[in-house]
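Let's take a walk through this protein together, one piece at a time. Keep the model open beside you as you read.

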Amino acid sequence: MKDGLNLAEMSRSPSFSLKTESNPKLDLKSLRQWVVAFCIIKFDLEQGQLIEECYPPGCLTQDEELEVAFSSFPDSVSQHQNRSSIHDCIFFFRFQRRENSQRGKVSSSEITEIEDKEKSPKLVDQVKRIKNTGDCKGAKYLYGYVFNRQRHDERLKRGGDQRSVVILSHNPYSSVFRPLLQIMGPLYFDIGKRALEHIASYVSIWPAPIPGKLMELPIGNAMLKVNLPPAHSLPSDSGVLFEESISSMAPFLPTNQSVPQGLFHDSDLFGIFRGLLLQLWVLWELLLIGEPILIIAPTPPQCCEAVAGLVSLVAPLLCSVDFRPYFTIHDPEFAHLNSLQEGDNFPPMVLGVTNLFFLKALRTVPHVVSVGNPSPNSNRPVLAARSSTGRFSARPEGFGLQQLSLRKFSPSNLLSAVKLRREGPLCLMTEHKEAIWTTYAATTKPDTSILNRLIDAGMSPRVEESMSVVNNEILRRHFLELTTNFLAPFGPYFRVITPSEGSSPFVDPPPLTPFNADEFLGSLSARGPGKFLSKRMRSNWLDLYRRFLRGHNFMPWFQRRRAVAEQEQHRLWRQARMNTDIQHFISEMSELEIVDSFNAIERHLLGEIKLLQSERGNPDSAATFQKLKGDLQAVFNLLPKDMQQLLLLNPQKAALLQGSLEVTELPGHQTTEVGVVASASPR
């Protein structure tokens, strides 16, 4: 991980401490910009998974509590014996919020929290007010970031116990919540549930999230320095609206490479796919076109890292495929997926699992990927297994494609590959292997120059981690360039048209270039994919575009890019109207052009009035309103007298031109006189 704190360092010598002064007062509304709730979940031998604490209380339905509880523990089937007295791991999950869930029902944890005498009645009232205003709704998915501790003690039943500390959020901010868990998890096991209140108080004083920016977030005596993913990569159904700029649009390569261009930019792409580097281009295509993929790994941290790394491959494309970093049989979606028969289309999903039962239950998934290695005996929290596989030389030099190629195409490995394909994914039931099972024939060829630049980490974990950072940068830069070039042919459909010199900025801007799939493919076929892609793709490259157009990612991305372009075009034309010298502009107009200009300015003026009266008004709205009001009066004064009299017979136009007062109080703005023009008498 680049952002936040170093996990290994935190586990060896935790330097975090709470400030001696009293904690900041909890601001629940500010807290919810980042976090929905903090939960403590216990595995009870009699009752199973139970939520012991939920802070603030009452933000989850009973169904959501169950989903969070079942997703917050490693599958016992998938866990290897670990002889360490304490074993910590960090992973995350994602689940869909149900629209028909009734948040009015009081959940079990809410009852517990409200009955707790230590809880402030004001906090309970604040939670209820937010629930009543619908602040708990809006987002389609919830993300759960988990710090799980398994404690082995022969004196306890079943030889130990386990608990999980969970941060729930609407946002996929892994770069924030994973380092926060490194602080919060150990703190909870030191001081108990007070840790939730302390951390919540600090998070509530954080500034609002700014996507795509480096943020400094204080937490006790520590400071998290994290890069947030950009607005164009965040799902529009997250319940939070962010401004997107035209500069964030593909197909432009970013000038600053330190700025993330997609989700999960901190994932260890190299570490988790180290045994499948030659297959990364196949996986990139599969996610690009929205194919369903089942990823199986020995541990939750490994399958989460694999799903996150896979999603990060397609940046800057908005990933609209439903991805589940850690999926269990308790997820409500499982019943539907398990019922699919041979020949049924599996929905576009990327599922990360550890339970081998899924290999039999989800046989209709067309693409299966096996990653990771059995968990090492270690008590430090694990983000993803990064121990050396021992396959490569310990020398800090490039992997060398020749070595990879020989290993891949040697007779023994060829026979092994044939046997692996014949046995299918069910061979994992007896022995875990890193492999991919798919009948998909990729269009993109592995880039040999990229593979040769990768550095072997060797056997040292510390050297390995630093080398992974370098390798991740190389891989992520390549796939960013690959995706950007793939999206480049769509650029003309997002091209903004600005007012030309001498033309009227008051007319409606021309529409963006209309899109027709057949015409696009025909034009692209004639001119080719471009120099970058033509060197890296086979002759059937146009088929990849056909699949992309039919896939689950294209339309949401395309529509969002169009909306951003239209907003930018609207802003530029609005700015041009502000900069226009109306007297000079109308001095050379014919009478018909003056009438047309009056109608156009009136239409824009009414639009600004509506904008001011809504909550969408901005600081420029009042100034734009005043400018257009003066422009309308100037044009009106040049109209023939009989036309002026005719216009004044219209009540709406008369209100604009003769000073019918309608004073509107606008939140955050000075009082604005709507529809007031101090007009001179008509000529």
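Let's begin inside the protein, with helix 9. Its buried residues are Leu280, Trp281, Val282, Leu283, Trp284, Glu285, Leu286, Leu287 and Leu288. Here, buried means under 20% relative accessible area, exposed means over 50%, and partly exposed lies in between, using a 1.4 Å probe and protein chains only. Nine of the nine residues of helix 9 (residues 280-288) are buried, so this helix is largely enclosed by the rest of the structure. Gly290 follows helix 9 and has a positive phi, near 80°.

A word on what you are looking at: this is a predicted model, in which local features need pLDDT of at least 70 and side-chain atom pairs count only at pLDDT 80 or more, while totals for chains, interfaces and linings use all residues. Residues are numbered from 1 along each chain as its sequence is written, and side-chain values use heavy atoms, with hydrogens and water left out. Helices (H or I, at least four residues) and strands (E, at least two) are DSSP runs, numbered from the N terminus.

Now look at how helix 9 meets helix 10. Two packed helices are described by the angle between their axes and the distance between the axes. The axes of helix 9 and helix 10 come within 9 Å and cross at roughly 75° (axes are lines fitted to C-alpha atoms, for helices over the stretch in contact, and angles run from 0 to 180 degrees between N-to-C directions). That makes helix 9 roughly perpendicular to helix 10, a term for angles of 65 to 115 degrees. On the helix 9 side, the contact is made by Leu280, Leu283, Trp284 and Leu287, and on the helix 10 side by Leu310, Val311 and Leu313; contact means heavy atoms within 4.5 Å.

Strand 9 pairs with strand 10 (residues 349-353) in the parallel sense over three bridges, and Phe323 stands opposite Val350 in strand 10.

What is the order of its five strands? This open sheet runs 2-1-5-4-3, and the pairing is antiparallel. Its edge strands are strand 2 (48-55) and strand 3 (86-96). Strand 1 (residues 37-44) and strand 2 are joined by seven bridges in the antiparallel sense, with Phe43 having Gln49 in strand 2 as its bridge partner. Helix 3 (residues 62-71) packs on this sheet, and its direction makes about 140° with that of strand 3. Helix 6 (residues 174-191) packs on the sheet too, touching strand 1, strand 2, strand 3, strand 4 (141-152) and strand 5.

Our last stop is Glu608, which sits in helix 22 (residues 591-613). Is Glu608 buried or exposed? Glu608 is buried, with a relative accessible area of 6%. Leaving aside neighbours within four places in sequence, Glu608 is in contact with Arg574, Ser621, Thr624, Phe625 and Leu628.

Conventions:
Two strands pair if DSSP finds at least two bridges between them. Angles under 35 degrees count as roughly parallel, over 145 as roughly antiparallel, 65 to 115 as roughly perpendicular and the rest as oblique.
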